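Please look over the chain below.

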Amino acid sequence: MNLDQTIYSVQREEEEKQTEEIAKKLNLPYISLTNYPIAPDVLGIIPKENAIQCGIISYIRAGDTVRVATNNPKDENTQKFLNELSVNTKYQFSLSYCSKSSVNYGLAMYQVLLPEMKKTEKVEVTEKAQTDFEKSVETLKDLREKIGKVSTTEMLDLFFAGAVKNNATDIHMEPQEQYFRVRYRIDGVLQDVVQLPLAAYHQVIARIKHLSNLKLDVIHPQDGRLEVTVVGEQMDIRVSTLPTTYGEAVVMRLLPKHKKFTTLESLGFNQNALDVVKEAISKTQGLILNTGPTGSGKTTTLYAILQRINEPGKKIITLENPIEYRIEGIEQIQIDAENTTSFLDALRASLRQDPDIMMVGEVRDNETANIALQASMTGHLVLTTLHTNNAAAAFARLAEIGVPPYLLAGSINLIIAQRLVRMIHKECGGKGCELCHNTGFKGRVAIVETLVPTREIEELIMRKAALREFEEMAIKLGMKTMYQDGLEKVAQGITTLEEVERVTKE
């Protein structure tokens with residue numbers, strides 16, 4: 001040991017000795033964090049930002065009690081933060097006194113242990129809680145009554161369990177002037193669940209932000225995620241916050257990790273559409289486009305297609321944001337804000353992996369469209385989605401983002417356009433009951449139109465024809481429109497005319 005090291009060692013010993021004496025005067029436990037074996041999940045209880053801001057380190061947990069080391073135990077901001085964190089979590093915090101060097105050591109551990117820390121918080125609705133829930137909650141009315149009788153933590157569990165039980169795709173939490181309301185999106189339509197006091201809202205939102213690793217002390221748009229397990233069923237929850245007049249609105253999208261896949265037949269594809277799709281996906285190259293607005297079931301349809309063509313002899317790669325369902329045997333790549341690789345870089349890299357089939361989550365710009373189309377012409381079958389109102393509008397949309405006509409002509413195997421309509425609830429004959437939340441509907445089915453580019457269509461592409469000409473030509477060539485498919489489902493007693501008109505005229 002050289003002289004400098006010796007001096008430093010003496011200084012550190014003196015610092016710890018003085019710290020221990022101060023701890024006795026403050027009647028607080030003394031702790032030295034240097035070389036203390038802090039577990040990553042314990043360190044992560046306090047977000048790094050707050051640890052730096054308050055100078056606090058969580059270093060050991062015993063049950064629901066967490067020991068926190070600090071060199072400034074009387075700081076009001078630290079006390080306030082720990083009180084808020086205690087409300088938002090199940091933990092009780094107990095202070096220990098440490099040296100400034102110990103705090104710095106603890107802060108340095110974030111850098112060392114961060115890769116080992118789980119970025120996604122997990123929430124588990126236990127079997128007992130779920131059993132109790134199943135016994136006492138059959139309808140949204142039952143859920144409203146039960147929610148008012150539980151704690152903040154149990155309330156959030158109920159929201160998740162209720163959403164899963166009622167097949168909700170999203171949970172909306174919206175502050176109003178005097179209360180906050182919770183709504184589920186069920187079968188594509190928002191349903192009121194409950195109205196609660198604003199005091200409960202602040203606690204629930206703070207807990208959601210903590211669980212999804214969002215900043216607790218700032219109010220601006222944020223995106224996060226967490227995992228929920230409801231009696232063995234794992235769900236990815238995508239969280240989005242947005243400041244509004246009366247506070248932060250939160251939307252949580254529920255994505256089952258291991259969803260049972262549906263087939264094109266069970267989605268409601270008519271026989272003609274099924275035949276057209278089967279022909280298009282039997283080809284070894286070309287582009288298949290699925291069009292429609294957000295929430296029209298495009299991705300579910302592409303997953304159903306992937307399931308049909310997923311064979312041991314084929315290499316399939318998907319680029320998604322987010323990955324909605326996991327499929328065994330397929331290489332799925334998540335493209336999001338946390339991914340250091342850009343979407344286009346991932347697309348180019350994926351093509352170098354020699355895939356037979358690729359699914360590109362969505363075509364939004366010229367470069368993505370060009371690469372996808374070029375891939376479809378060089379030995380790859382490419383599936384993707386596009387936001388247009390109908391199948392014929394896909395040509396105009398692609399031209400609008402700058403795709404040259406020569407790339408479109410001859411490269412597209414099939415364009416699908418679809419919407420989801422609610423099905424008449426068979427139990428009540430559409431009259432409305434508590435099981436269908438008095439809507440008269442339960443479940444959804446697809447209405448679709450399929451357009452296979454022909455020589456006539458390609459001629460329109462090459463001369464950059466107007467949208468109306470594409471639509472007229474498609475119908476002239478015998479394409480059954482979504483509206484016509486919907487009318488057939490009305491005649492079969494599956495849905496109603498009002499429902500078909502609602503989704504086709506949006």
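The points that follow are grouped by topic. The model is a predicted one. Seven strands form an open sheet with mixed pairing. The structure holds zero disulfides, while a search of the whole structure finds 23 salt bridges.

**The sheet**
- The strand order is E13-E12-E14-E15-E11-E16-E17.
- Strand E13 (331-334) and strand E17 (441-451) are the edges, each pairing on one side only.
- From one strand to the next, the twist averages 20 degrees.
- Strand E12 (residues 316-320) runs parallel to E13, and four bridges join them.
- Leu 319 stands opposite Ile 333 in E13.
- Helix H20 (residues 497-504) lies across strand E16 (412-424) and E17. The helix runs at about 135 degrees to E16.

**Met 359**
- Met 359 sits in strand E14 (residues 357-360).
- Met 359 is buried, at 2% relative accessible area.
- Beyond neighbours within four places in sequence, its contacts include Ile 317, Thr 318, Leu 319 and Glu 320. Leu 302, Tyr 303, Leu 306 and Leu 383 are also among them.
- Ala 304 is 55 residues from Met 359 in sequence and 12 Å away in space, C-alpha to C-alpha.

**Cysteines**
- A disulfide needs two cysteine sulfur atoms within 2.5 Å.
- The sulfur of Cys 436 has its closest cysteine sulfur in Cys 433, at 3.8 Å, so it is too far for a bond. Cys 436 is buried, at 1% relative accessibility.
- For Cys 54, the closest cysteine sulfur is in Cys 98, 13 Å away, and is therefore too far for a bond. Cys 54 is also buried, at 12% relative accessibility.

**Salt bridges**
- Asp 236 and Arg 326 meet through their side chains at 3.1 Å, N to O. This pair links distant parts of the chain, 90 residues apart: Asp 236 is in strand E9 (residues 233-244), and Arg 326 is in the loop between E12 and E13. Asp 236 is buried at 1% relative accessible area, whereas Arg 326 is partly exposed at 34%.
- Arg 348 and Glu 367 form a salt bridge at 2.3 Å, N to O. Arg 348 lies in helix H13 (residues 343-351) and Glu 367 in helix H14 (residues 366-376), so the pair ties together parts 19 residues apart in sequence. Arg 348 is partly exposed at 32% relative accessibility, and Glu 367 is partly exposed at 37%.
- Arg 502 pairs with Glu 499 in a salt bridge, with the closest N and O atoms 2.6 Å apart. The two are about one helical turn apart because they are three residues apart in helix H20. Arg 502 is partly exposed at 30% relative accessible area, but Glu 499 is buried at 3% relative accessibility.
- A network of salt bridges links Arg 12, Glu 15 and Glu 16.

Conventions. Residues numbered from 1 in each chain as written. Predicted model: local features only at pLDDT ≥ 70, side-chain atom pairs only at ≥ 80, totals over all residues. Heavy atoms only, no water. Buried < 20%, exposed > 50% of the residue type's maximum accessible area, 1.4 Å probe, protein only. Contact = heavy atoms within 4.5 Å. Pairing = 2+ DSSP bridges. Axes fitted to C-alpha atoms, helices over the stretch in contact; angles between N-to-C directions. Salt bridge = Lys/Arg side-chain N within 4 Å of Asp/Glu carboxyl O.
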